[in-house]
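Grab a pencil and work through these exercises with the model open beside you. Each one has a task and then a stepwise solution.

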Amino acid sequence: QVQLVESGGGSVQVGGSLRLSCAASEYVYSRSCMAWFRRAPGKEREGVAVIYTGIYATTDYADSVKGRFTISRDNVKNTMYLQMNSLKPEDTAMYYCASGARRSGSICSLQSEYTTWGQGTQVTVSS
């Protein structure tokens with residue numbers, strides 16, 4: 001059973017930056033959907049960014065974070081990252097990384113595709 005461990009959360013002021021890391025216990029990236037999700041207090045969990053490999057590595061982002069967040073991975077280190085810049089108070093949430101087997105043709109957009117989840121790391125943005 002693959003395990004995912006997030007780190008890098010914390011408290012930051014508006015406009016600041018954080019980089020989240022998601023370390024996998026074994027190599028999972030080659031045929032997997034990998035993504036960052038977040039859950040803010042009183043809200044449902046939402047997808048933030050996804051990365052997967054078909055012919056090429058593909059990334060996608062929620063509209064609310066496009067241009068500010070960047071998802072990436074280091075296959076040697078079995079680690080996925082989320083660089084978050086220009087943070088806003090509405091980015092405050094618990095952030096989770098997740099993985100799941102990618103079916104042919106999938107763009108990894110469904111939460112149901114993700115079967116392994118980390119424990120979460122808190123991000124708090126204050127004004």
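**Exercise 1. Are R38 and D91 buried or exposed, and what joins their side chains?**

Solution. 
- Step 1: R38 and D91 are both buried. Buried means under 20% relative accessible area, exposed means over 50%, and partly exposed is what falls in between, using a 1.4 Å probe and protein chains only.
- Step 2: A salt bridge joins the side chains of R38 and D91, at 3.0 Å from N to O. The term stands for a side-chain nitrogen of Lys or Arg within 4 Å of a carboxyl oxygen of Asp or Glu.
- Step 3: R38 belongs to strand β4 (residues 32–39) and D91 to the loop between β8 (79–84) and β9 (93–101), so this pair ties together parts 53 residues apart in sequence. Strands are DSSP runs of E with at least two residues, numbered from the N terminus.

A word on the model before you go on. It is predicted, so local features need pLDDT of at least 70 and side-chain atom pairs count only at pLDDT 80 or more, while totals for chains, interfaces and linings use all residues. Residues are numbered from 1 along each chain as its sequence is written, and side-chain values use heavy atoms, with hydrogens and water left out.

**Exercise 2. Trace the salt-bridge network that includes R38 and D91.**

Solution. 
- Step 1: Start with D91, which also forms a salt bridge with R68, the closest N and O atoms being 2.7 Å apart. That pair links distant parts of the chain, since R68 is in the loop between β6 (57–61) and β7 (69–74), 23 residues from D91 in the loop between β8 and β9.
- Step 2: Now go to R38, which forms a salt bridge with E46, their closest N and O atoms 2.6 Å apart.
- Step 3: Check the accessibility of this pair. R38 has 5% relative accessibility and counts as buried, whereas E46 is partly exposed at 34% relative accessible area.
- Step 4: The whole structure holds five salt bridges.

**Exercise 3. How many disulfides does the structure hold, and how are the bonded cysteines paired?**

Solution. 
- Step 1: The count is two disulfides, each being a pair of cysteine sulfur atoms within 2.5 Å.
- Step 2: One of them joins C22 to C97, with 2.1 Å from S to S. C22 is in strand β3 and C97 in strand β9, 75 residues apart. This link is right-handed, with 65° about the S-S bond, and both C22 and C97 are buried.
- Step 3: C33 and C108 form a disulfide too, with sulfur atoms 2.0 Å apart. Here the link is left-handed, at -70° about the S-S bond. C33 is in strand β4 and C108 in the loop between β9 and β10 (116–117), so the pair ties together parts 75 residues apart in sequence. C33 and C108 are both buried.
- Step 4: Number the bonded cysteines in sequence order and the pairing reads 1-3, 2-4.

**Exercise 4. What is the strand order in the open sheet of four strands?**

Solution. 
- Step 1: The order is β1-β3-β8-β7, with antiparallel pairing; strands pair if DSSP finds at least two bridges between them.
- Step 2: β1 (4–7) and β7 stand at the edges with a single partner strand each, so one side of each has no neighbour in the sheet.
- Step 3: Between β1 and β3 (residues 18–24), which run antiparallel, there are four bridges. V5 stands opposite A23 in β3.
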